[in-house]
Amino acid sequence: MDIMTSIGLVAGIIVIAVMMLLGGDLHMFVSEHAMIIIFGGSTAATMIRFPLSALMHGLPLGAKFAFTMSRLSAHDLVDELARIAEIARKQGPVGLEKVETDEPFLAKGIRYVADGYDLDFIRDNLERDRDNFLMHLDEGSKIYRAIGDCAPAFGMVGTLIGMVQMFANMTDPSKLGPFMATALLATLYGALVANLFCIPIADKLHGKLLDEETNRTLIIDGILMIRDSKSPTLVREMLLAYLPEKHRHADGEPVPA
């Protein structure tokens, strides 16, 4: 689980709730009209922007990856692939049938090598799988960013509607307060939805997309080298190029200046 996403979201909610409680009752910050304009309007605009297939894939995948971490880091993958290369060198492809890993994409590549598929098939299939996954993750990032863009705009729409209603009822002072509250709460809801939830999640997904692209490309190169019967040492040295310079060396090993 990506604990930083959860901590940040909970901390943001607590900060906003405390500020509301310091000024009075939470009930004064609840407005059904403002919720309708923000959530209804943002949902409608997002449905216009994206096809149904993108929404069906992007929203749940984005929500999942915003709150979860990859099972293995890039450094762990290098170690894992070197270990698998050692097994393949000693026992041949048949020995890979008993290899277990927590990374589903890596497990698929191992299965292809163990089943004896040719190099081109393995490369094409894994690259297609990677590209489709990254496309859906990118869709999720774009969808959350689109909602984050829409929410403040519809907050302004709600504010304008509330202002029109307020000025249209200037003769009735009892209605001025509720209409003004609706106008201001629409702006508040829009700002919160965008800046506390949607835009941060979109940015988090973009970062994880880059990490997943690196990890899956690393796995593909490692699997292809294992299929090509490269030595474990060569596999490790080739894959270390995917890591930042400071992470390419074992603990205690000096990093070249």
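The model is predicted. It holds zero disulfides. A nonpolar surface patch includes V10, which lies in helix α1 (residues 3-22).

- The patch on the surface is formed by V10, I14, V15, V18, M19 and L22, which together have about 580 Å² of accessible area.
- V10 has a relative accessible area of 45% and is therefore partly exposed, since that class lies between 20% and 50%.
- Helix α1 also contains L9.
- L9 touches F67, L196 and F197, when residues up to four places away in sequence are not counted.
- Between L9 and G58 there are 49 residues of sequence separation, and their C-alpha atoms are 20 Å apart in space.

**Helix α3**

- Helix α3 (residues 52-66) has 15 residues, which at 1.5 Å a residue should span 21 Å; the end C-alpha atoms are 21 Å apart, so the two values agree.
- G58 is one of the buried residues of α3, along with A54, L55, L61, G62, F65 and A66.
- Those buried residues pack against α1, α2 (32-49), α6 (119-168) and α7 (173-227).

- In helix α5 (residues 104-114), the buried residues are F105, L106, G109, I110, Y112, V113 and A114.
- The partners against which the buried residues of α5 pack are α4 (74-91), α6 and α7.
- G116 follows α5 and has a positive phi, near 80 degrees.

**The loop between α7 and α8**

- S229 is placed in the loop between α7 and α8 (232-239).
- Although S229 is not a glycine, its phi is positive, at about 60 degrees.
- S229 has 65% relative accessibility and so counts as exposed, the cut-off being over 50%.

**Cysteines**

- A disulfide is a covalent bond between the sulfur atoms of two cysteines.
- For C150, the closest cysteine sulfur is that of C198, at 9.4 Å, which is too far for a bond because a disulfide needs the sulfur atoms within 2.5 Å.
- For C198, the closest cysteine sulfur is in turn that of C150, at 9.4 Å, again too far for a bond.
- C150 is buried, with a relative accessible area of 7%.
- C198 is buried too, with a relative accessible area of 3%.

Conventions:
Residues are numbered from 1 along each chain as its sequence is written. This is a predicted model: local features need pLDDT of at least 70, side-chain atom pairs count only at pLDDT 80 or more; totals for chains, interfaces and linings use all residues. Side-chain values use heavy atoms; hydrogens and water are left out. Patches are made of residues with over 30% relative accessible area and no salt bridge: like charges are joined within 9 Å, nonpolar side chains (Val, Leu, Ile, Met, Phe, Trp, Tyr) within 5 Å. Accessible areas come from the Shrake-Rupley method with a 1.4 Å probe; for residues, only the protein chains shown count as cover. A salt bridge is a side-chain nitrogen of Lys or Arg within 4 Å of a carboxyl oxygen of Asp or Glu. Helices (H or I, at least four residues) and strands (E, at least two) are DSSP runs, numbered from the N terminus. Buried means under 20% relative accessible area, exposed over 50%, partly exposed in between (1.4 Å probe, protein chains only). The expected span of a helix is 1.5 Å times one less than its number of residues. Contact means heavy atoms within 4.5 Å.
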